[in-house]
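Look at it first, then follow the questions.

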Amino acid sequence: MSSSTTPECNCRITLDFDILRQSQVFAGAPAEVVKLFAYLSRHRTYQPGASILLQGDKAENCYLIISGEVDIITRHRDQEIVVQRLRPGSFFGELALLARFDWFFSARATQETEILIISREGFEKVLSKYPEKRDKITEKVIQLRISRFENQTANLLDRLLEAGLSADSGPLIG
Amino acid sequence: MSKFDTTPITKRTLFSWIINRFRGPQLMLLGVIIVSLFFRVYPLEMQRKIINEAINLKEIDLLFLYCGLYMAAVLVAGLLKYFINSYQAIIGQKILIEMRQELYNHILRLPLQFFHRTQTGTIISALTAELNAIGMFLGGALAIPVTSFLTFLAFAGYMIYLNPFLGLISMTVYPFELVVVPLLQKRYNAINRTRVTVTRAMANLVNEASSGIHEVQANAGFDLEKTRLDRLVERLYIIMRRLSILKYGIKFSNNLFQSLGPFLLFLIGGYLAINGQFTIGALVAFLSAYEKVYDPWKEIIEYYQDYQDAEVRYRQIMEAFDLEPEYLLAAPDRKPLTLKGHIEARNVGYTIDNTTRLLDEVTFDLTPGSHMALIGFSGSGKSTLSLLIGQLYSHTQGVLSVDNIEINEMTKLDIAKNISFVSQHPFIFTGTVRDNLLYSCSALQRSGVLDELPDSPDLINMIANVGLAEDVIRWGLRTVIPPRQAYPLVDKFLRMRDIVSSELRRQFSHVVEFYDANLFLEYSTLGINLTFSSYPGSPHVEGLIGNEPFRAFIKDNALLPWLLELGRSIAKTTITLLADFQNDEFFFQGSPMEPDQLDSYIALVKKADSKGIEQLKDQDQDRFLALALLFTPGQHKIYTISRADKDRIVAMRQKFLQNVLGIDLEQCRNGVLQRTIYDMAQMAPERHAIFFTPFCASQYLYSHSLLDNIIFGTVIEKDVVQSTLAPLALQLFKDQGLLDEVFEIGLDFHVGSKGDKLSGGQKQKIAIATALLKNAPILILDEATASLDNNSQARIQQYINTQLRKTTTVIAVMHRLDMIAGYDHILVMKAGKVVESGGYTELMKERGILYELVNNS
């Protein structure tokens with residue numbers, strides 16, 4: 001990283017700048033934009049078992065795991081199903097940056113977990129200053145969502161197969 | 001209705017307000033005016049005498065005498081004029097008070113439909129700015145024309161007395177003006193009326209945009225709104241342009257006529273004087289009189305303009321509210337009714353605009369104390385029916401009665417005394433929770449219907465009944481309790497602090513930063529980190545910077561240069577990162593600088609860079625010092641300080657506590673510190689000047705909220721702490737015997753403007769409690785529990801089913817079908833008609849519409 005793109009202050013932004021710079025969504029975005037996101041993001045530490053977000057609540061933030069581990073859980077027919085387990089460097093809740101909705105899953109820390117939080121409000125305020133960057137970042141968010149979807153589907157199918165469902169026992173969704 | 005006038009307020013003329021009110025003061029004013037006339041004419045006579053007698057005859061004594069008399073008369077005339085002006089304004093304001101009160105009273109009692117179609121902006125501007133303009137006119141409405149007319153006569157008379165011929169000639173110009181000016185004025189009035197209408201439309205537009213700001217911003221409707229306003233602005237411009245042209249046209253014609261007078265005077269008067277038929281003294285007096293005669297004339301013209309203006313405004317205000325209230329407030333010949341609550345509807349219908357039928361043929365009979373649920377799809381008319389029973393709308397067909405008295409024939413007080421109404425979106429008034437809970441009862445008490453307001457135990461009981469207890473505790477926790485109220489409870493609060501500290505420290509370690517004299521506080525300002533105290537104005541630093549002992553301390557310990565440098569660095573990084581975001585406060589959450597300070601800090605940094613920071617003036621240095629002392633590492637992401645710096649601050653803090661405040665650190669931490677002196681400083685600040693109150697374990701922090709005091713630290717994640725702590729605190733307060741005191745504190749919580757600090761559920765619970773406290777024989781609930789969580793709904797339903805059974809007639813519009821089983825009677829509605837009516841079990845057995853609704857939901 002060249003010195004001209006790094007914030008040259010003695011601030012905590014530097015650390016988060018580097019983290020965001022290497023993340024899936026913000027890689028390739030101009031330094032000044034990433035710097036603002038780094039400035040507006042905040043850290044929060046969760047204890048093992050602590051709930052990070054709850055299915056049904058209003059989605060306001062996007063989360064990036066810095067350390068620890070997070071379970072993504074869906075409630076279905078009054079049963080909790082872990083659909084994915086995420087490790088440091090992963091985003092979740094990134095759709096909250098683009099739209100208002102209620103969470104369709106819950107997230108819970110499985111161990112002591114540190115998370116970087118970006119709010120939709122901050123995201124929108126920054127991009128209203130740099131409207132020409134919006135398309136690129138939106139595209140990245142959607143790509144991330146697609147890979148997450150593929151991943152979760154594969155994960156579920158694996159488990160179905162392991163549970164004894166053979167490939168020729170008919171369509172899963174019908 | 002006014003004691004002066006029985007005509008409806010909106011039908012009265014503007015002058016009826018003046019003629020019928022404050023007659024004594026107005027007569028006195030007239031008397032003073034007449035007296036003042038003499039003192040206005042008298043100086044003219046003196047002028048004549050000074051020239052003709054004193055100067056001509058060279059009599060010094062007479063000169064002194066006449067000059068003295070002249071001055072005295074001028075002085076008295078001036079003083080009287082001063083009195084007349086002020087007294088007139090006072091009378092005007094008095095009339096205005098009555099006008100405003102009566103109009104407001106009238107407006108509040110207008111039918112609901114009026115408020116649906118009238119913009120709030122219209123009502124507000126009518127009652128404020130527009131009435132004010134009329135008030136200016138009112139006071140002088142009688143006095144000014146009378147004064148001006150009499151003054152005119154007096155001066156004109158004096159002129160004729162001096163020389164009848166010349167006097168009459170100089171009067172001849174006035175009749176011309178009497179024709180021209182009113183013509184112009186008439187045109188002016190017509191345009192002025194449009195101006196009022198356009199201005200009002202503009203107020204409505206702005207009001208609408210600000211009420212609907214969500215829609216505007218969500219749809220980026222900025223241009224749309226701007227275009228709408230632009231159109232009006234453009235029209236207003238054209239109107240104002242024409243008004244100015246006319247106004248100054250009137251002025252021009254006045255001036256022209258005014259200068260015609262002296263022209264004639266000099267021509268004819270000069271001729272007469274040369275021929276010795278007129279003395280110089282008389283000519284001078286004549287000139288003065290002519291100049292003076294113009295003043296009352298001008299006043300009459302201005303009065304005429306003001307009158308037209310006020311009349312236009314007055315008519316427009318009164319026309320806007322020209323509606324009759326539907327119901328009397330109280331019956332003149334009897335006390336408000338006391339009803340049992342037997343409600344009967346026979347073929348009730350409700351039609352609006354003569355065509356749209358919202359309710360049709362509704363019939364039911366409800367005995368006192370029984371409970372009825374209204375159910376049906378939205379738009380079925382169930383809510384409308386509840387509003388008819390509450391007399392908020394008036395049914396148009398059939399008979400709707402309580403205890404066989406037609407509801408449309410009852411007065412507002414009859415209804416208020418006997419019916420409690422809770423709407424789906426209750427309105428919360430700006431004020432405390434207690435004010436809101438007592439709203440209905442206070443209104444009844446003022447009308448003389450209720451003797452005593454519910455007392456505190458009643459309120460606390462009701463809080464528990466509607467499930468508000470935890471909320472009230474939460475509000476209590478957020479309150480900074482006034483010292484006198486907190487002092488007697490401090491021991492118990494401190495005991496709770498001990499309990500929280502021993503039981504919750506571990507659980508809260510990630511969401512609360514506990515105060516500890518040995519640790520750096522990431523979520524407190526550097527000012528608090530250094531002093532480990534609360535001080536006047538904390539966490540703001542103006543007071544701290546001005547505190548001598550503190551200043552001496554940072555200077556003596558070589559902290560000042562470091563803090564100044566820190567302040568400069570923070571200013572620099574903030575400027576670099578946020579210079580483009582000056583208009584958005586949001587971006588400044590991570591810096592101790594305020595957005596509006598940015599420009600001045602840019603200049604300051606420049607100055608410091610060129611001169612050197614030590615060379616700056618004290619007040620400039622203080623601004624860098626303020627940034628440094630406000631800096632809160634955990635919150636202000638813009639900057640960070642090293643571990644070594646933090647350790648240094650903690651070391652300095654300990655030195656400060658020991659050397660400046662004289663505190664033993666061990667005692668402070670262990671909670672055995674003598675705290676009387678700090679408590680005394682709060683209780684009697686005039687005798688004990690204490691600037692710093694240290695964060696010692698045994699010290700109650702009077703400038704902090706109860707929550708901060710019990711937690712004894714800074715809450716980092718409010719949501720977690722609030723949800724965990726409120727139920728726990730409820731139990732702890734109970735154990736400590738503090739529950740009632742904290743309830744009292746919570747009840748005094750200020751709900752914010754229109755209750756914006758409350759959640760939808762809290763508002764509904766308060767509204768239900770308010771209604772129940774009135775203890776009326778009839779309770780109407782219009783989906784009153786819709787925004788509550790399941791538990792709260794069930795709790796309130798349970799209370800209604802058990803506590804109000806047989807005592808209160810309940811009519812509830814229900815959206816949850818699983819809660820209707822406890823009702824005696826169910827009315828199923830569809831498209832404005834009753835489609836099923838009967839008991840729950842009976843209807844379920846019939847397997848009709850109710851059965852279907854229940855099983856499909």
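Q: Which residues of chain B does UniProt place in the feature "transmembrane region"?
A: The unreviewed UniProt entry places that feature at residues 27–43, 63–84, 134–159, 165–184 and 263–290 of chain B. UniProt positions follow the numbering used here, feature names are shortened, and annotations may be inferred rather than shown by experiment.

Q: What kind of model is this, and how are its parts numbered?
A: This is a predicted model: local features need pLDDT of at least 70, side-chain atom pairs count only at pLDDT 80 or more, and totals for chains, interfaces and linings use all residues. Residues are numbered from 1 along each chain as its sequence is written, while chains are lettered from A and ligands numbered from 1 in the order in which they are written.

Q: How much of residues 165–184 of chain B is helix, and how much is strand?
A: The span is 95% helix and 0% strand. Its end C-alpha atoms are 31 Å apart. Residues 263–290 of chain B are 82% helix and 0% strand. Their end C-alpha atoms lie 11 Å apart. Helices (H or I, at least four residues) and strands (E, at least two) are DSSP runs, numbered from the N terminus.

Q: Why are α2(B) and α3(B) called roughly antiparallel?
A: Helix α2 (residues 23–55) and helix α3 (residues 60–108) of chain B pack at an angle of about 155°. Their axes are 8 Å apart. Axes are lines fitted to C-alpha atoms, for helices over the stretch in contact, and angles run from 0 to 180 degrees between N-to-C directions. Angles under 35 degrees count as roughly parallel, over 145 as roughly antiparallel, 65 to 115 as roughly perpendicular and the rest as oblique. So α2(B) and α3(B) are roughly antiparallel.

Q: What is the handedness of the crossing of α2(B) and α3(B), left or right?
A: The crossing is left-handed. That word applies if the near helix is turned anticlockwise from the far one by less than a right angle; clockwise gives right-handed.

Q: Why is α7(B) called roughly antiparallel to α10(B)?
A: Helix α7 (residues 164–171) and helix α10 (residues 222–274) of chain B pack at about 155°, with axes 9 Å apart. That angle makes α7(B) roughly antiparallel to α10(B). Their crossing is right-handed.

Q: Which residues make the contact of α7(B) with α10(B)?
A: L166(B), I169(B) and S170(B) of α7(B) meet G261(B), L264(B), L265(B), I268(B) and G269(B) of α10(B). Contact requires C-beta atoms, placed from the backbone, within 7 Å. By class, there are five nonpolar, three polar and no charged residues. Ala, Val, Leu, Ile, Met, Phe, Trp, Tyr, Cys and Pro count as nonpolar, Asp, Glu, Lys and Arg as charged, and the others, Gly among them, as polar.

Q: What makes α23(B) and α24(B) oblique to each other?
A: The axes of α23 (residues 560–578) and α24 (residues 598–611) of chain B cross at roughly 125° and come within 10 Å. The two helices are therefore oblique. Their crossing is left-handed.

Q: How do you know that β1(B) and β2(B) pair?
A: Two strands pair if DSSP finds at least two bridges between them. Seven bridges join β1 (residues 343–352) to β2 (residues 356–366) of chain B. The strands run antiparallel. Y350(B) has L359(B) as its bridge partner. In the hairpin, D353(B) takes a positive phi near 55°.

Q: Why do β6 and β14 of chain B stand at the edges?
A: The open sheet has six strands in the order β6-β11-β12-β3-β13-β14 (chain B). β6 and β14 of chain B each have a single partner strand, so one side of each is left without a neighbour in the sheet. β6(B) pairs with β11(B) in the parallel sense over four bridges. In that pairing, S420(B) has L779(B) as its partner.

Q: Which strands of chain A pair with β7(A)?
A: β2 (residues 51–53) of chain A pairs with β7 (residues 106–109) in the antiparallel sense over two bridges. There, S51(A) stands opposite R108(A). Four bridges join β4 (residues 70–76) of chain A to β7(A), also antiparallel. I72(A) stands opposite A107(A).

Methods:
Contact = placed C-beta atoms within 7 Å.
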